[in-house]
Amino acid sequence: MQLVVGGVYSWSLFGRALQSQGAMGLTAVQASIPFEVAIGMIFVGASIGGRLQDRSSPRLVAMVGSAVYAAGLILSSFARDAGDLWLLVLGYGLIGGFGLGMAYIVPVALLQKWFPDRRALVTGIAVGGFGFGATLTSPVAEALIARAPAAPASSFLWIGVGYLVLGVLGSAMMSTPPAQEAAEATPSNDLDVRQALRTPHWFLLTGILAVAVAAGISLVSMMAVAAVDVGGIDAASVATVVGVLALFNGAGRIAWASAAQRVGQLPVLAAILLLEGVALIALPHATGWTFLALAAVVYLCYGGAFGTLPSTAGAFFGMRHAGAIYGLMLVGWSLAGVLGPLAASSMVGEAGNYALAFSVMGALAVAGVALPLATRRLPLPTVRSVKVREMVEAS
């Protein structure tokens with residue numbers, strides 16, 4: 001199921017095709033809007049899906065999310081010219097992004113309940129599938145676009161149908177562990193959503209996610225174009241490059257999560273932000289294999305933040321309301337997913353100033369190292385500490 005929803009990272013291939021004058025002839029800004037809206041809607045879908053799956057059936061929530069996501073893609077397949085941009089925004093962006101978020105949050109929260117002693121590793125493996133999604137989708141998308149170059153959006157019909165089948169099959173296999181059902185009937189020290197939002201930890205962790213995403217997605221969103229303009233990569237090889245880099249996105253989620261299981265989540269998050277920032281700053285000054293190597297580091301770190309943060313939230317706030325709490329934290333993903341590409345593309349501009357865009361986003365990531373360091377200095381929040389704080393504030 002994560003492979004299915006992770007197909008959103010292959011958007012740069014569609015964006016490039018939609019800008020062709022023989023197709024829809026969209027501008028670069030117009031071609032980025034459906035992707036940005038989809039990323040922005042992930043938070044909405046994840047926050048609602050997280051609450052529902054904590055209270056009801058994860059199988060049902062995942063199935064509905066998969067169906068809504070597929071329906072959005074199928075609707076967007078009817079776009080044919082620039083006047084149909086609204087169909088892409090509505091279908092791929094609003095509807096598809098909402099379903100994506102709803103489907104994404106279920107396995108992320110559910111697997112931590114099945115494997116409480118291996119939370120970091122198991123969530124890394126789960127969202128690793130999301131990172132690998134573009135590897136699955138990219139060659140299929142490239143083949144479908146090549147069959148109908150004048151109507152690249154028509155590819156979404158068959159992709160949506162495939163996603164529907166795979167998503168529903170994956171959803172049907174999900175269930176809450178019996179031990180968790182018993183645990184939910186007894187008192188616990190797990191924070192609920194309202195209590196989590198009363199702590200500085202929630203805001204710091206959400207900030208870490210926002211910074212890591214803003215920096216990484218500035219490259220991910222324009223990789224197909226930057227590979228040619230900056231890296232000097234042959235245009236015919238772009239689809240392969242996007243697909244291979246998606247492997248690093250997925251591998252980073254597993255590798256960094258595995259490291260977090262051994263040394264702790266916050267030191268790993270600090271290392272992720274530092275490496276991501278340095279690689280981005282160096283990227284516009286490299287070509288060929290050096291460019292690809294630096295891009296791979298950015299993808300590894302970008303994926304690593306998603307692999308590490310779910311278990312970090314579980315460690316701070318407990319597992320009983322993990323879906324709802326982490327679902328709300330994804331507001332950092334959505335905000336950064338919208339603002340990051342907009343800021344980067346505006347800095348690139350018509351002059352192609354990639355050096356400015358990647359240097360600014362890289363510097364943001366390096367500065368963001370202060371966030372996990374600040375979080376590390378705070379004691380773990382508890383239900384008691386939150387209630388005491390509320391009493392003090394009330395008095």
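When I say helix in this talk, I mean a DSSP run of H or I at least four residues long, with the numbering starting from the N terminus, and by that convention Thr308 has its place in helix α15. Please keep in mind throughout that what we are looking at is a predicted model.

Let me begin with the whole protein, which contains 20 helices and zero strands. For 395 residues, a compact globule would have a radius of gyration near 21 Å, and the protein comes out at 20 Å, which agrees. Along the principal axes, the C-alpha atoms fill a box of roughly 65 × 40 × 40 Å. Buried residues make up 55% of the 395, and, if we take the contacts with a separation of 6 or more, 85% of them are accounted for by residues 24 or more positions apart.

Now to a helix pair, α13, covering residues 238-263, and α14, covering residues 265-282, which pack at an angle of about 140° with their axes 7 Å apart. Since angles over 145 degrees would count as roughly antiparallel, that value makes α13 oblique to α14. On the α13 side the contact is made by Trp256, Ala259, Ala260 and Val263, while α14 contributes Gln265, Pro267, Val268, Ala271, Ile272 and Leu275. By class, the residues of this contact divide into nine nonpolar, one polar and no charged.

This brings us back to Thr308, which is buried, with a relative accessible area of 0%. Leaving aside residues up to four places away in sequence, Thr308 touches Trp256, Ala257, Ala260, Gln265, Val268, Leu269 and Ile272.

Next, which elements do the buried residues of α16 pack against? They pack against α3, α5, α10, α11, α15 and α17. Eight of the eight residues of α16, residues 322-329, are buried, so this helix is largely enclosed by the rest of the structure; among them are Tyr326, Leu328 and Met329.

Finally, in helix α17 we find Ala343, which, at 28% relative accessibility, counts as partly exposed. The C-alpha atoms of Ala343 and Phe43 are separated by 20 Å, although the two residues lie 300 residues apart along the chain.

Methods: Residues are numbered from 1 along each chain as its sequence is written. This is a predicted model: local features need pLDDT of at least 70, side-chain atom pairs count only at pLDDT 80 or more; totals for chains, interfaces and linings use all residues. Side-chain values use heavy atoms; hydrogens and water are left out. Axes are lines fitted to C-alpha atoms, for helices over the stretch in contact, and angles run from 0 to 180 degrees between N-to-C directions. Helices (H or I, at least four residues) and strands (E, at least two) are DSSP runs, numbered from the N terminus. Angles under 35 degrees count as roughly parallel, over 145 as roughly antiparallel, 65 to 115 as roughly perpendicular and the rest as oblique. Contact means heavy atoms within 4.5 Å. Ala, Val, Leu, Ile, Met, Phe, Trp, Tyr, Cys and Pro count as nonpolar, Asp, Glu, Lys and Arg as charged, and the others, Gly among them, as polar. Buried means under 20% relative accessible area, exposed over 50%, partly exposed in between (1.4 Å probe, protein chains only). The radius of gyration is taken over C-alpha atoms; the globule rule is 2.2 Å times the number of residues to the power 0.38.
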